[in-house]
Amino acid sequence: MGVTIHFEGRLKSNKDFDKVVFIAKEFAEKNEIEFSFFEESDKLLLRVKDGKEFDYQGITRGIRIQPHDNSDPLNLEFDKDNYMQEYCKTQFAEIDTHIKIVDFLRQIEPYFEKLNVEDEGEYWETKSVEILQKHIDNCFAAIEDLKKERKDLSGPYRIEDGRIIDLM
């Protein structure tokens, strides 16, 4: 459930890291949204490849952008091999937030060997605001249906890492 943009890829080179982070910083400044740079020496990341989960532990670096108060953070967190695997949930934010994130991903796409994007709102594939809005509407309807079925569920909730959980 949700309208989330999943994205992953490996940068073409170390130089491309600086370019992508610069573009991300410009994106944040232009849209007047919070951002911060980070570097960690020993981070544990859960990754998924070919449907199987595995752990990466080691150096990470990147930029964290908060596109909207009601969205997940937009993290560009790269490992030692310049690979990232991230997602950003947007359904609780304004629709324009989702569109801006997809446009931003298109802007940084040339710096990757291949940037894979799975957009649950289908905006990446279609550029259709109508289709995106339909997915958002369906998401909210599904959440309301679940809340009616199970009175113990409520949400959304923001957790410690800034991510949003639909229902708990």
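This is a predicted model: local features need pLDDT of at least 70, side-chain atom pairs count only at pLDDT 80 or more; totals for chains, interfaces and linings use all residues.
Reader: Let's start with the sheets. What is the strand order in the open sheet that has S1 in it?
Author: The order is S5-S1-S6, and the pairing is antiparallel.

Reader: Which strands stand at the edges there?
Author: S5 and S6 do. Each has a single partner strand, so one side of each is left without a neighbour in the sheet. The twist in this sheet averages 10° from one strand to the next.

Reader: How many bridges join S1 to S5?
Author: Strand S1, residues 4-11, pairs with S5 over 7 bridges, in the antiparallel sense.

Reader: Which residues face each other across that pair?
Author: Thr4 stands opposite Lys89. Further along, Phe7 has Glu86 as its bridge partner, and Gly9 has Met84.

Reader: And on the S6 side, what stands opposite Gly9?
Author: Leu115 does. Strand S6 covers residues 112-119 and runs antiparallel to S1, with 7 bridges joining the two. Gly9 is therefore bridged to Met84 in S5 and stands opposite Leu115 in S6, while S5 and S6 are the edge strands.

Reader: Is S5 mostly covered or mostly open?
Author: S5 is mostly covered, with 6 of its 7 residues buried.

Reader: Do the side chains there point one way or alternate? I mean in general.
Author: In a regular strand, side chains alternate between the two faces of the sheet.

Reader: OK, the other sheet. What is the order in the one with S3?
Author: That open sheet also has 3 strands, in the order S2-S3-S4, and the pairing is antiparallel. Strand S2 (34-49) and S4 are at the edges; each has a single partner strand, so one side of each lacks a neighbour in the sheet. The twist averages 35° from one strand to the next.

Reader: How many bridges does S3 make with S4?
Author: Strand S3, residues 52-66, pairs with S4 over 5 bridges, running antiparallel. In this pair, Gly62 stands opposite Glu77.

Reader: Which helix lies across S2, S3 and S4?
Author: Helix H1 lies across these strands, running at about 50° to S3.

Reader: What about H1 and H2, at what angle do they pack?
Author: Helix H1 (residues 14-30) packs against H2 at an angle of about 150°, and their axes are 10 Å apart. That angle makes H1 roughly antiparallel to H2. The crossing is right-handed. On the H1 side the contact is made by Val20, Ile23, Ala24 and Phe27, and on the H2 side by Lys100, Phe104, Gln107 and Ile108.

Reader: Which way does H2 sit against H4?
Author: Helix H2 (residues 95-108) and helix H4 (residues 129-149) pack at about 125°, with axes 11 Å apart. That makes H2 oblique to H4. Their crossing is right-handed.

Reader: Which residues meet there?
Author: Ile95, His98 and Ile99 in H2 meet Val129, Leu132, Gln133 and Ile136 in H4.

Reader: Changing topic. Where is Asn82?
Author: Asn82 is in the loop between strand S4 (74-78) and strand S5 (83-89).

Reader: Buried or exposed?
Author: Asn82 counts as buried, because its relative accessibility is 6%, and the cut-off for buried is under 20%.

Reader: What is Asn82 in contact with?
Author: Leaving aside neighbours within four places in sequence, Asn82 is in contact with Gly9, Arg10, Leu11, Ser13, Asn14, Phe17 and Arg61. Gly9 in that list is the residue bridged to Met84 in S5.

Reader: Which side chain makes a polar contact with Asn82?
Author: The side chain of Arg61 does, at 3.3 Å.

Reader: One more residue. Where is Lys19?
Author: Lys19 is found in helix H1.

Reader: How exposed is Lys19?
Author: Lys19 is partly exposed, with a relative accessible area of 42%.

Reader: And how far apart are Lys19 and Glu149?
Author: They are 130 residues apart in sequence and 48 Å apart in space, taken from C-alpha to C-alpha.

Terms used:
Residues are numbered from 1 along each chain as its sequence is written. Side-chain values use heavy atoms; hydrogens and water are left out. Helices (H or I, at least four residues) and strands (E, at least two) are DSSP runs, numbered from the N terminus. Buried means under 20% relative accessible area, exposed over 50%, partly exposed in between (1.4 Å probe, protein chains only). A polar contact is a pair of N or O atoms within 3.5 Å; within protein, one must be able to donate a hydrogen and the other to accept it, and residues adjacent in sequence count only if both atoms are side-chain atoms. Contact means heavy atoms within 4.5 Å. Two strands pair if DSSP finds at least two bridges between them. Axes are lines fitted to C-alpha atoms, for helices over the stretch in contact, and angles run from 0 to 180 degrees between N-to-C directions. Angles under 35 degrees count as roughly parallel, over 145 as roughly antiparallel, 65 to 115 as roughly perpendicular and the rest as oblique. A crossing is left-handed if the near helix is turned anticlockwise from the far one by less than a right angle, and right-handed if clockwise.
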